[in-house]
Amino acid sequence: MKTFFKLLKKELILNLGFGILAFVYIIFARLVTYIAVISNALYRYKMYPNDYSAAFIPRMINSNMSCENMFHIIVVISLGGLFALLMCRYLHNKKTVDFYHSLPVKKTTVFAAKYVTGIIYFAAAYTINYLFMLIATASMGYLTVSAAKYGFIALINGIFGYTMIYSFCVLAGLLTATVITHIVLASIFTYILPLVIALKEAWFGLFFVTYMYKADDWIANCSPISYFFVKSTENRGSRYILVFIIVSLIVSAINFGVCKLRRSEATETALAFRELIAPLRIFFSIVCGVCGAFILNEMFNKDGVSVFAISFIILTAVSSAVIQIIFRFDFGAVLKGKRYLAASVALSAALLLISFVSVKNYNTYAPKAEKIANAAVYIAQLANDESYKKKADYNPDEPAYMDYDFNFTEREMSEGMYYEWVGAQDSILDNMTITDSDLAARFISACAGTYEDVMFSMPNEENNNTQPTAEAVDDDFLKENDYNKNLVYDIVLKCRLKSGRTYYRSYRINFSENYDIINELTASEEYKKGFYNNLYNMDCSEIKCIGLDNSYNYHRNIYYNIDEDMTERLKTALSEDIKNLSLDEMTDTSPIACINFHTAPWEANKYINLYSNTAVTEFVYPTFTNTIKVLGELGFKTYTVDELAEEISHIDTSYNDWSGETTQRKDMTYTDKDKIKEILEYTTSSSLSRTINSGWSDPNTSLEIRIYSSDAYASDMEFFTGFPDRTKAMPDFLKKDLDI
Amino acid sequence: MIKLKNISKSFEDIKALDNVTLDIEEASVFGLIGTNGAGKSTLLRIMSGILKPESGCAEIDGKNVFENPEIKSEFFFIPDEAYFFKNSTPKTIADYYASVYKNFDMKKFEEMLSVFSLGMKRKISTFSKGMKKQLSVILAICSNTKYIYCDETFDGLDPVMRQAVKSLFASEMDLRGLTPIIASHNLRELEDICENIGYLHKGGVLLSRNLTDLKLNICKIQIVPSEGRDVSAAFSSFRAYKHETRGLLHTLTLQASIEEVEAAAKASSPIFYEILPLSLEEIFISEAETAGYSISKLVS
């Protein structure tokens, strides 16, 4: 023990330079940025008092002192890897190994001294930084117990999070014997490595062309350790500290064990343990084979099992040889280790064979109805993208601020604080259960059956397809007929079989050709229940206000404070109206408004963006008579186009034509109510349209329509933007005025 | 006493040491000589506890060296390329060694540095190769260990410095019974200082003997036989390492004592004969050639 402390003291002195550099880095990344952000916030608070509440500065301080500060994550992850590299390098050089291992000290003692040095430097630097941040906050006059608490939690989270990442990177250093392989292995252990992502995507692209993970799982599967650490910083960082400690201890114990087993002669080779060479080589060669096959597939735009199989096997073999060279830095080694090469190819072939059944029929797989337990379908073009769930650390008295943009007001910055956006895909797939297995089977069959046709509808010589498709050409430029004919829907399917297996597929199907089955599916009660799960699961007691956004397409944001009873009535009315909502209405009709259910009253809007309090968002269609009736009790009015036109003071249009040598521009202003009415009938708001009826057919020209409203509900913006509706004909006067 | 028992060590496909057994007495200089790739450095590293042998063990005073700090404090290893901390000075290194070698004599270290004109606070990175070797030797001596393992230490030292180091070793041997174990190709230098030698060849021990005894058993003679006399026949009872002929002059290296060779020479009534002193190098070459390591084959 005495020797350990002696060595530790020596190591701390010898590596002081690195410690100081790390300290400077932390100071700049945390303290300096913290002071800059808070100073800016103080400045804005002074300059624009109406835009900020009294709680603004304390909240900013709490947030930036806490783990929510993104530099906290950057510092911890980067220094964890860097210090591990520094502390392990003595094991990768023959001279240093000879020096340290000939000393009258156990090699684990030497290792321990260096290991602990790496932890002490970070802990000391981060603690000093924390103290400086407290001093800085006190000098600004805003030091509170709360700020100190969140800063302290960040300190503890940082130290143990760092130790966890550091210990994994040190393990990588122990298993390898050169700096390069150390970095590679450390990256694999800890960071989101492009290779892992490429492996995932290549694997999916090769064998699971229509496979898709749930969105949240993607990052977790790429890099569990760093994802875990990032996740831990939510809720201000107090969660998972115990996990960090336990994991750090376990991995540290493993490190000491590996250190003991590690041979001293393992220097300047790729790996420290020869036993790892074969499995790693096989693993990497398969990875490279998959990635390479994926890349080849992308380059040549070919499909078919045979191409994948051949390219995969060839690339696996080539990769295996290349890896042999890299591992041994010996070009002559290409011909050595033939058994590993054979093993790589054999294993790849075996994997291919195992997957062959799936690969062969993967894209067109469609289970029979009797095999299906239930299914969920997400149709991207019809989805309600505005779905949210309350954050786990939701605290109405202490909202979180995470902002480094110096120009936003408090109101603008607060978006997303209380609720976090949930991908509609995940929400729908998790909550939809279509037990009508016959319907599910027919829908799946339709998707699987059209897969090849849609995928290969790109114009090319082979299929003589000269028509532009929705994929080939920007949707905005398709004329109505072309659009309807070529519109494809993106589908993600989740199917649970009676065998217990759940699988995912994604498809692209032609809307017109599959209209009947899409219509049948979207009309089913089970589908709607899943599609509108956010609405059905909404807790009415939390709702304090509703906002009707983009009312009548023109950004009329109207707010009403409501109580629980009114919320229940609205929820019931919407549920009833939804039952009769048809596919045609969803695709061909623009909604009247987008209704947001907020958990804070409208007055909170002064300082806090109400979008950050949105629990549920739904569209209200013209046929939602029940909903419109209830909204009418609140004072919401339905407008005819004539009434709307009365509210508009003028409309500006700008037409640009760059088909000639120079860009031609024509500006017009309309105040005549009849003309305003015609333009209103011609335009739509794309943000509310499910099928994106808005669009302009000519890629060489553009038409901007700016609508100036003078009514009481006009937003702060000077004008609203109107988008030409591709299903409607342009008014003649407009064509004439703009020389179209 | 250092005992090496049946030590074998391989590095992947290369057998570096094959069943090496050696005993190294205390208070005498042991020379570890051998051909290129014989395994000298590997053996020293095993003796230093850096490498673990696949079989056999290295013991000092009956205790295994590997991962045994108590026993490792008995020796100091000077590798062929010593490591010094970046931006360090002799003082820094000495402090480090002082923390692990209980008996490190800092005062002696400072004195020896000034004797060798090495600055205590000068950056080691500015030292020449020879100066670094000097520093290594000084550190080893000041650590006051029982044994010092030197791997090619004399290479890089100028002749004056070599002599100085040899004197240092001799003085320490007298004072406290230091046992230097020196691995080197520089046989001329070893000849002056070594008392015992171990001769490694292709991972095995060719011989391990007292140098004086070794010299006693090999003899070199130049002889001009009388007319009609066959030189080979005159010395046929001895093992001949080498027999060169230049005109009438024969030079033979024989495994025999001087007395035996002289008696045989006289018996053949030569015109002329002379017993020549053998250098360690000549002994080494002879033994190597016997083992199949032929210089002539390398250059032909």
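This is a predicted model: local features need pLDDT of at least 70, side-chain atom pairs count only at pLDDT 80 or more; totals for chains, interfaces and linings use all residues.
Among the elements of chain B, strand E6 (residues 75-78) has the highest mean pLDDT, 94, whereas helix H12 (residues 295-299) has the lowest, 45. Now select residues 295-300 of chain B, where the pLDDT is below 50. Beyond near neighbours in sequence, this stretch makes three contacts in the model. For chain B as a whole, the average pLDDT is 84, and 95% of the residues score at least 70.

Next, select helix H6 of chain B, residues 159-176. How far apart are its end C-alpha atoms? They are separated by 26 Å, which agrees with the span of 26 Å that 18 residues should cover at 1.5 Å a residue.

Keep H6(B) in view and display the side chains of B:Met161, B:Arg162, B:Val165, B:Lys166, B:Leu168, B:Phe169, B:Glu172 and B:Met173, which are buried. These residues lie on the same side of H6(B), because they cover an arc of only 155° around the axis.

Following the helix, select B:Gly177, whose phi is positive, near 75°.

Is A:Tyr682 buried or exposed? Its relative accessible area is 5%; this value is under the 20% limit, so A:Tyr682 counts as buried. Although A:Tyr682 and A:Met730 are 48 residues apart along the chain, their C-alpha atoms are separated by 6.4 Å.

Finally, display chain A and chain B together and turn to the contact between them. Chain A contributes 23 residues to this contact and chain B contributes 26 residues. The size of an interface is often given as the accessible area lost when the parts come together. Chain A and chain B bury about 2500 Å² between them, with 62% of that area on carbon and sulfur atoms. How many salt bridges are there between chain A and chain B? The count is three. To inspect one of the salt bridges, select A:Glu265 and B:Lys9, whose side chains meet at 2.6 Å, N to O.

Terms used: Residues are numbered from 1 along each chain as its sequence is written. Chains are lettered from A and ligands numbered from 1 in the order in which they are written. Side-chain values use heavy atoms; hydrogens and water are left out. Helices (H or I, at least four residues) and strands (E, at least two) are DSSP runs, numbered from the N terminus. The expected span of a helix is 1.5 Å times one less than its number of residues. Buried means under 20% relative accessible area, exposed over 50%, partly exposed in between (1.4 Å probe, protein chains only). The arc is that of the directions from the helix axis to the C-beta atoms. pLDDT is the predictor's confidence in each residue, from 0 to 100. Contact means heavy atoms within 4.5 Å. Buried area is the accessible area (1.4 Å probe) that two parts lose on being put together, summed over both. A salt bridge is a side-chain nitrogen of Lys or Arg within 4 Å of a carboxyl oxygen of Asp or Glu.
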